[in-house]
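Here are my notes on the model you sent.

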Amino acid sequence: MAKKNWINLERQLKKRKSKTHNDKTKKVTPGTFIGYDIKDENPCMIAQVTSEHLEAFKKENITKFKINDWFVSFGQDHDLKFSDPFASHIEAFEYCKNILHTKRFTSLPIFES
């Protein structure tokens, strides 16, 4: 059953990736996912690294990421932590499940003009 869920997630991400913005030059990123533990506490975020992320990481002297890596952020505002980079979103989901004990995820909406 779990494998089937991952396959469905893969299909959804591929569909999102194929959509384009109005300018037809930029691809929509596959998404950002917010994860929660069983008590809806201790949220984490999974995202694919963009140029905007790299700029923010550079300001914080974080140099381990490159564009299209996946990462997990977690912790409080004053003590935000970042995982090591992941090659795929599946690895990031597994990290959240196994290390952070995340039980469910939501994704941020993508609005099309």
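1. The model is predicted. By that assignment the protein has three helices and five strands. Their order along the sequence is α-β-β-α-β-β-α-β.

2. Confidence. Mean pLDDT is 77 for the protein, and 68% of its residues reach 70 or more. Helix H1 (residues 2-18) has the lowest confidence, with a mean of 51. E3 has the highest, at 94. Over residues 16-29 pLDDT stays under 50. The model still has 25 contacts beyond four places in sequence for that stretch. Where pLDDT is low, the predicted coordinates should not be read in detail.

3. Overall figures. The protein has 113 residues, and 28% of them are buried. It exposes about 8,200 Å². Carbon and sulfur atoms supply 52% of that area. Take the contacts between residues at least 6 apart in sequence: 41% of them join residues at least 24 apart.

4. Phenylalanine 65. Where is phenylalanine 65 found? It sits in the loop between helix H2 (51-59) and strand E3 (70-74). Is phenylalanine 65 buried or exposed? Its relative accessibility is 8%, so it counts as buried; the cut-off for buried is under 20%. Beyond four places in sequence, phenylalanine 65 contacts Val49, Leu54, Phe57 and Phe71, and also Phe82, Ser83, Asp84 and Pro85. Valine 49 lies 16 residues away in sequence, with a C-alpha to C-alpha distance of 7.3 Å.

5. Aspartate 69. This residue is in the loop between H2 and E3. Aspartate 69 is buried because its relative accessible area is 9%, against a limit of 20%.

6. Aromatic pairs. How many aromatic pairs does a search of the whole structure find? The count is nine. One of them joins phenylalanine 33 and phenylalanine 93. Their ring centres are 5.2 Å apart, and the planes make an angle of 65 degrees. That makes the pair edge-to-face. Phenylalanine 33 belongs to strand E1 (residues 32-36) and phenylalanine 93 to helix H3 (residues 89-98), so the pair ties together parts 60 residues apart in sequence. Phenylalanine 33 and phenylalanine 93 are both buried.

7. Edge-to-face needs an angle over 60 degrees. Phenylalanine 71 counts as buried because its relative accessibility is 1%. A cluster made of Phe57, Phe65, Phe71 and Phe82 is linked by ring pairs.

8. Cysteines. The structure holds zero disulfides. The disulfide cut-off is 2.5 Å. Cysteine 96 is likewise in no disulfide, with the sulfur of cysteine 44 as the nearest cysteine sulfur. Cysteine 44 is buried because its relative accessibility is 3%. Cysteine 96 is buried too, at 0%.

9. Threonine 102. The loop between H3 and strand E5 (104-107) holds threonine 102. Its relative accessibility is 7%, so threonine 102 counts as buried. Which residues does threonine 102 contact, leaving aside neighbours within four places in sequence? They are Gly35, Tyr36, Asp37, Cys44, Cys96 and Lys97. Both cysteines of the previous point, Cys44 and Cys96, are among them.

Terms used: Residues are numbered from 1 along each chain as its sequence is written. This is a predicted model: local features need pLDDT of at least 70, side-chain atom pairs count only at pLDDT 80 or more; totals for chains, interfaces and linings use all residues. Side-chain values use heavy atoms; hydrogens and water are left out. Helices (H or I, at least four residues) and strands (E, at least two) are DSSP runs, numbered from the N terminus. Buried means under 20% relative accessible area, exposed over 50%, partly exposed in between (1.4 Å probe, protein chains only). Contact means heavy atoms within 4.5 Å. Accessible areas come from the Shrake-Rupley method with a 1.4 Å probe; for residues, only the protein chains shown count as cover. pLDDT is the predictor's confidence in each residue, from 0 to 100. Rings of Phe, Tyr and Trp (its six-membered ring) pair if their centres lie within 6.5 Å; planes under 30 degrees apart count as stacked, over 60 as edge-to-face and the rest as tilted.
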